[in-house]
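Dear colleague,

Please read the notes alongside the coordinates.

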Amino acid sequence: MNWISSHLFPWKIRSYDRFHVMSYLLGDLQAIRTRTKTKYKDEENTKKDKYETNWLKYHPTRFPNWEGKVEFITRLRYQLYKRRADWNDYQKERFAVIENSTDENLLQIKVWYEIIEEIYRIYDTEDQTPNEAKKQFKYLINTKIANNSSIIEIKNIWKTLENRLQWIVNYFYSGHNNWFAE
């Protein structure tokens, strides 16, 4: 594909626009959420089987807002696509449960969402120069992402951001993407 594009568009400057970077990030965030939901479902099914063999009624673990763990993670799906400023009060309360939690899976969602918020901030800064954007991305990669590289999805995006950093920064030169080549 690189060979074809370089011959058809020799003047091209390859760039990753905001849409593609954020779709990678949000896709990985949803992967973390799905993995967490599966883990909670398995835990609840194991507990439910244990109770039913003893002829007891099973009551799932509830969060402070009276949602079960699986229900809680399911309802997070669309909330995580929104920015924090666009959340309603109920969504803010739900995320407060995550922030105050000691569950490792919920903390992974929190860390990942904070990284996404930071990247939104980089893209939203008015008159962002490519050099400033590159410094901010490098700082983000070397601090927040590197510190949390034990999470599989964060490790994957860390490699992508490091390897494609120049293409991401190229977006800030003109603000255009490669839509005409696509």
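A residue is called buried when its relative accessible area is under 20%, exposed when that value is over 50%, and partly exposed in between, with a 1.4 Å probe and protein chains only. This is a predicted model, in which local features need pLDDT of at least 70 and side-chain atom pairs count only at pLDDT 80 or more, while totals for chains, interfaces and linings use all residues. Residues are numbered from 1 along each chain as its sequence is written, and side-chain values use heavy atoms, with hydrogens and water left out.

On that basis, 38% of the 182 residues in the chain are buried. The chain contains eight helices and zero strands, where helices (H or I, at least four residues) and strands (E, at least two) are DSSP runs numbered from the N terminus. Of the contacts (heavy atoms within 4.5 Å) with a separation of 6 or more, 68% are between residues 24 or more positions apart.

Turning to the helix packing, the axes, which are lines fitted to C-alpha atoms over the stretch in contact, are compared by angles from 0 to 180 degrees between N-to-C directions. Helix H5 (residues 104–124) and helix H6 (residues 130–147) have axes that come within 11 Å and cross at roughly 170°, which makes H5 roughly antiparallel to H6 (angles under 35 degrees count as roughly parallel, over 145 as roughly antiparallel, 65 to 115 as roughly perpendicular and the rest as oblique). Among the residues that meet there are Ile 115, Ile 119 and Tyr 123 in H5, and Phe 137 and Leu 140 in H6.

Helix H4 (residues 89–99) packs against H5 at an angle of about 115°, with the axes 8 Å apart, and H4 is therefore roughly perpendicular to H5. On the H4 side the contact is made by Phe 95, Ile 98 and Glu 99, and on the H5 side by Leu 106, Leu 107, Ile 109, Lys 110 and Tyr 113.

Finally, the structure holds eight aromatic pairs, meaning rings of Phe, Tyr and Trp (its six-membered ring) with centres within 6.5 Å, where planes under 30 degrees apart count as stacked, over 60 as edge-to-face and the rest as tilted. One of these pairs is Tyr 123 with Phe 172, which is stacked at 5.3 Å centre to centre with 20° between the planes. Because Tyr 123 lies in helix H5 and Phe 172 in helix H8 (residues 165–174), the pair ties together parts that are 49 residues apart in sequence. Tyr 123 and Phe 172 are both buried, and together with Phe 137 and Tyr 171 they form one aromatic cluster.

With kind regards
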